[in-house]
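Please go through the structure below by question and answer.

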Amino acid sequence: MESETMSGTGKTVCVTGASGYIASWLVKLLLAKGYTVKASVRDPNDPKKTAHLLALDGAKERLHLFKASLLEEGSFDSLMDGCEGVFHTASPVNFVDKNPQAELIDPALKGTLNVLGSCAKAPSVKRVVVTSSVAAVAYNRKPRTPDVVVDETWFSDPKFCKEIEIMGWYLASKTLAEEAAWKFAKEKGMDMITINPFMVIGPLLQPTLNESTGLILKLINGAQVLPNETFGWVNVKDVANAHIQAFEIPSSNGRYVLAERVAHYSEIVKTLHELYPTLHLPEK
């Protein structure tokens, strides 16, 4: 078992946006496998962003925090130096935004190209794993009847995304960023993989609430009605683990959709009822 759990010993990898929900779990699991992790955060002096990372097992010895900004060209260069693998998870997740171009599209799109540009300059980097989303796959006006097979050629249509009232600009930001990433990777001959999870839920390591967990909290905190929506759902630990497998397994390639199950919101409410019978949950 030892070799299985410590397969990262002696290897250095990089995680961007390390204080985020998925990224925090990714850092935790990478440290547990023996990797040295160079992690970027916007403000290394903000304990809200870093305390939970510095407290992880192995962090004292093998976690190095760097300040980097998605919109600052070259700010990731020193981060990539000596890294074999790069996990690019930094991208804003806001479902409702006042200035979506500046707060969502620019950091997602320019930020991804910025990070990949730094990867391309670093001879040590063998593979890049980019955190994308089903947001970049499924929103394109194509019918999704039971006979339709969604495959890795599918991309969302950013124009159509922007028309969707809630989450629309977020969907567009993930689509534009992933499309640009593939174009760049092909031009540079870069070994890149994308991970496209559905709605990510599960325990939080970071002290701040993230958007997907917030959807569950809304149900608990007195929502009067539940959304008439069906989503795919996946546990955050499985998502972090999938990133590591994408890096470690030589034959990994292309895009990977992650969903543990598909469930209507009413099923989520039913599960919450069973776990916490005293909660007042919406029924309509």
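Q: Is Phe87 buried or exposed?
A: The model is predicted: local features need pLDDT of at least 70, side-chain atom pairs count only at pLDDT 80 or more, and totals for chains, interfaces and linings use all residues. Residues are numbered from 1 along each chain as its sequence is written, and side-chain values use heavy atoms, with hydrogens and water left out. Buried means under 20% relative accessible area, exposed over 50%, and partly exposed in between, with a 1.4 Å probe and protein chains only. Phe87 has a relative accessible area of 0%, so Phe87 is buried.

Q: What kind of aromatic pair do Phe87 and Phe247 form?
A: The structure holds five aromatic pairs. Rings of Phe, Tyr and Trp (its six-membered ring) pair if their centres lie within 6.5 Å; planes under 30 degrees apart count as stacked, over 60 as edge-to-face and the rest as tilted. For Phe87 and Phe247 the figures are 5.9 Å centre to centre and 70° between the planes, and the pair is edge-to-face.

Q: How many residues apart are Phe87 and Phe247?
A: Helices (H or I, at least four residues) and strands (E, at least two) are DSSP runs, numbered from the N terminus. Phe87 lies in strand E4 (residues 85–88) and Phe247 in helix H10 (residues 236–248). The pair links distant parts of the chain, 160 residues apart.

Q: What is the relative accessibility of Phe247?
A: Phe247 counts as buried. Its relative accessibility is 11%.

Q: Which residues do ring pairs link into a cluster?
A: Phe87 and Phe247 form an aromatic pair. Ring pairs link these two with one further residue, and the cluster is Phe87, Phe247 and Tyr35.

Q: How many helices and strands are there in the protein?
A: Helix H10 and strand E4 have already been named as the places of Phe247 and Phe87. In total the protein has eleven helices and ten strands.

Q: What radius of gyration does the protein have?
A: The radius is taken over C-alpha atoms, and the globule rule is 2.2 Å times the number of residues to the power 0.38. With 284 residues, a compact globule would be near 19 Å, and the protein agrees with this because its own value is 19 Å.

Q: What percentage of the residues count as buried?
A: The protein has 284 residues. Those that count as buried make up 49%.
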